[in-house]
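Please look over the sequence and the model shown here before reading on.

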Amino acid sequence: MDLGSINPILLVASIMVSATPILLAAIGEMVVEKSGVLNLGVEGMMITGAVVGFAVAVNTGSPVLGFAAAALASAVLSLSFGVLTQVFLSNQVATGLGLTLVGLGLSALIGKPYEGMKSPTLPKLDIPLLGDLPVLGRMLFSHDIMVYLSLALVAAVWAFLKFTRAGLILRAVGESHDAAHALGYKVVRIRLMAIFFGGACAGLGGAYLSLVRVPQWTEGMTAGAGWIALAIVVFASWRAGRVLIGAYLFGGVTVLQLNLQAAGARVPVELLSTSPYLITILVLVLISARGIHGAPACLGRPFHASS
Amino acid sequence: MNRRTLFTSVAAATLAATAAFAQTDGEPVKAGFIYVGPIGDGGWTYEHNKARLAVEEEFGDAVETVYQESVPEGADAERAITQMALSGADIIFTTSFGYMDPTIAVAEKFPDVKFEHATGYKRADNVSTYSARFYEGRAIQGHIAGSMTETNKIGYIASFPIPEVIRGINSAYLHAKKVNPDVEFSVVWAYTWFDPAKEADAARALIENGNDVILQHTDSTAPQAAAQEAGNVITFGQASDMAEYAPMPRVSSIIDDWAPYYIDRVKAVMDGTWESTDTWDGIGPGMVGIGEITDAVPAEVKEEALALKESIASGDYHPFTGPINRQDGSVWLAEGETASDGDLLGMDFYVEGLTGEIPN
């Protein structure tokens, strides 16, 4: 076996690209879950973002507009989930699954005319100085803007939840909506905002798939990425930093095993492909054995001011 | 008999007559299709669905078709097929290798429903199998790939380690090797039929490792997009023409044409002549088509490829003609010997010269 043909610089660069969609979706879903809402519709919102982003980018010629439209479309779609679960108190699990089905169907419908088309893709940034560094430049500092935006978003979410008053309120709503309500916070409004944010993030993740990572529109192209994002939130035990680790781990293992195979290494392919899931299960077992799981106490529980 | 009973009995008689009429020739034959990916994948499932539409076109109101997309292979497939059988389908096409055992299991419970399983090898009184000799098309791809590669490295995105996929790898390799003795194959097992992001990642990994030809045995057009982005890499359409990526990177393709077979089999159900059969057709009968070879291919290579296609179609040449050794060096086919269908259907080894192991 000859691992010499794997270029570590290109490898790290591809890992960053392949982790970005799930990172975006997962960080959004984490905020939603931190507010006490379980939205299982990530897959549906991602694919909606993928198709809307692609369609807008093709029609306007601007990938940036595509990303903006994708975020908006998925956020609006997620609000339907928000209204149903927060105002009409429908079951969150069933509504979330419904959202996934709606998203998959809707995207297939919207995407029909766009099959086989090419879209403008995001240019790689040309960062002065940093980009010229010998190894690190190509590895870390010559990506498109969305890669950095996703990393900045993780940092922002972390700081928001940890240091700001608004973040504290959001966490309070997720831990005990009754107490937050008693203190005069608008539980439903805060949760709707979190759901909106989560939808926008999932939309960005989806658009990254169709505009940068693949780049094309194919029906059903998320192929389960939304579910992986959900798993990462649990894996990360609802912490922003660990969401980043989880997303890069999932993205990394996939790209690494493909590269090892391409280089002719004798790797147990099945084992490597399943390893992120195995690690997630392991983490779940560990945190439940320890008894501290970090899940918001009101996760998935319906709230009504009268109760 | 008062008036009310008179009316009732007339109505009943009319109803009975209508029912009898419907049963004799009004009831359309219901054909069901189980797909492994979405119908818009641009590849494998897209072609099966095109054939379904051809069935509707052919028989009009005499047929009703139903389909279900993105059915996972394995246990859930059994549920989906059962559902379709319960909903009154007369014939069900299950269009992926992984539906083999579920199809057989469901067929046992519904002896009156006809089943058609694609690319498998298990049959029953009410289960037929059908497949296309994709390896014939792979031989032509291998020829073009071997002639055109400049790095002498050809990447192959494989799906699952099943005979059909291994056959394709062997056939492409043998014919690439024939024109270019230095050629090397890198095979990447994606363990999926359809996952555009993963397929694109696999294509990129291969390109980054120096492969300048990408062959794929997965269903989406994502590898084509990745190759186009990289530039200077050639690809081949898989299962469908994928002409939107012509003339570069896609320089030719294998096209599956299921329509004549599906029309034939649905007709057999209508006529009551359906029997369990095993169909395996190639370029000759038209089940495997070779998409247009574009101008990106040098003229003489194109000519050779077309000549190869002709000789395979006419039966003069078999892509697996000895001498061929197995990977371990043992003799598989002696000089001039051609592979039997049995050998091909159960193929679980690489031919000599391929590196790496088949995962199991």
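## Contacts within and between the chains

At 45% relative accessibility, Asp101(B) counts as partly exposed, where buried means under 20% relative accessible area, exposed means over 50% and partly exposed lies in between, using a 1.4 Å probe and protein chains only. This is a predicted model, in which local features need pLDDT of at least 70 and side-chain atom pairs count only at pLDDT 80 or more, while totals for chains, interfaces and linings use all residues. Residues are numbered from 1 along each chain as its sequence is written, chains are lettered from A and ligands numbered from 1 in the order in which they are written, and side-chain values use heavy atoms, with hydrogens and water left out.

**Salt bridges within chain B**

- Over all chains the count comes to 15 salt bridges, a salt bridge being a side-chain nitrogen of Lys or Arg within 4 Å of a carboxyl oxygen of Asp or Glu.
- Asp101(B) meets Lys122(B) in a salt bridge, at 2.6 Å from N to O.
- Lys122(B) lies in the loop between β4 (114–118) and β5 (127–132) of chain B, whereas Asp101(B) belongs to helix α4 (residues 100–109) of chain B, so the pair ties together parts that are 21 residues apart in sequence; helices (H or I, at least four residues) and strands (E, at least two) are DSSP runs, numbered from the N terminus.
- Lys122(B), with a relative accessible area of 31%, is partly exposed.
- Another salt bridge joins the side chains of Asp76(B) and Arg79(B), at 2.9 Å from N to O, and both residues lie in helix α3 (residues 75–86) of chain B, three residues apart, which is about one turn of the helix.
- Asp76(B) is partly exposed at 31% relative accessibility, and Arg79(B) is partly exposed at 42%.

- Arg204(B) forms a salt bridge with Glu229(B), with the closest N and O atoms 3.4 Å apart.
- This pair links distant parts of the chain, with Arg204(B) in helix α7 of chain B and Glu229(B) in helix α8 of chain B, 25 residues apart.
- Arg204(B) counts as buried at 16% relative accessibility, whereas Glu229(B) is partly exposed, with a relative accessible area of 45%.
- Salt bridges that share partners join Arg204(B) and Glu229(B) with Asp201(B) and Arg213(A) into one network.
- Between chain B and chain A the count is one salt bridge: Asp201(B) pairs with Arg213(A), and their closest N and O atoms are 2.4 Å apart.

**The interface of chain B and chain A**

- Chain B gives 36 residues to the contact and chain A gives 32 residues, where contact means heavy atoms within 4.5 Å.
- The area buried between the two chains is about 2700 Å², of which carbon and sulfur atoms give 51%; buried area is the accessible area (1.4 Å probe) that two parts lose on being put together, summed over both.
- Asp201(B), Glu208(B) and Asn209(B) supply 21% of the area that chain B buries against chain A, more than any other three residues.
- Eight residue pairs, both members at pLDDT 80 or more, are in polar contact across the interface; a polar contact is a pair of N or O atoms within 3.5 Å, where within protein one must be able to donate a hydrogen and the other to accept it, and residues adjacent in sequence count only if both atoms are side-chain atoms.
- On the side of chain B that touches chain A, the elements giving two or more residues are β7 (184–189), α7 (196–208) and α8 (222–230) of chain B, and the largest share, 10 residues, comes from α7(B).

**Aromatic pairs**

- The count comes to 25 aromatic pairs over all chains, where rings of Phe, Tyr and Trp (its six-membered ring) pair if their centres lie within 6.5 Å, and planes under 30 degrees apart count as stacked, over 60 as edge-to-face and the rest as tilted.
- Phe33(B) and Phe93(B) have ring centres 4.9 Å apart and planes at 10°, so the pair is stacked.
- Phe33(B) lies in strand β1 (residues 29–34) of chain B and Phe93(B) in strand β3 (residues 91–94) of chain B, 60 residues apart.
- Phe33(B) is buried, with a relative accessible area of 0%, and Phe93(B) counts as buried at 0% as well.
- Trp332(B) and Phe349(B), which are both buried, form an edge-to-face pair with 5.2 Å from centre to centre and 80° between the planes.
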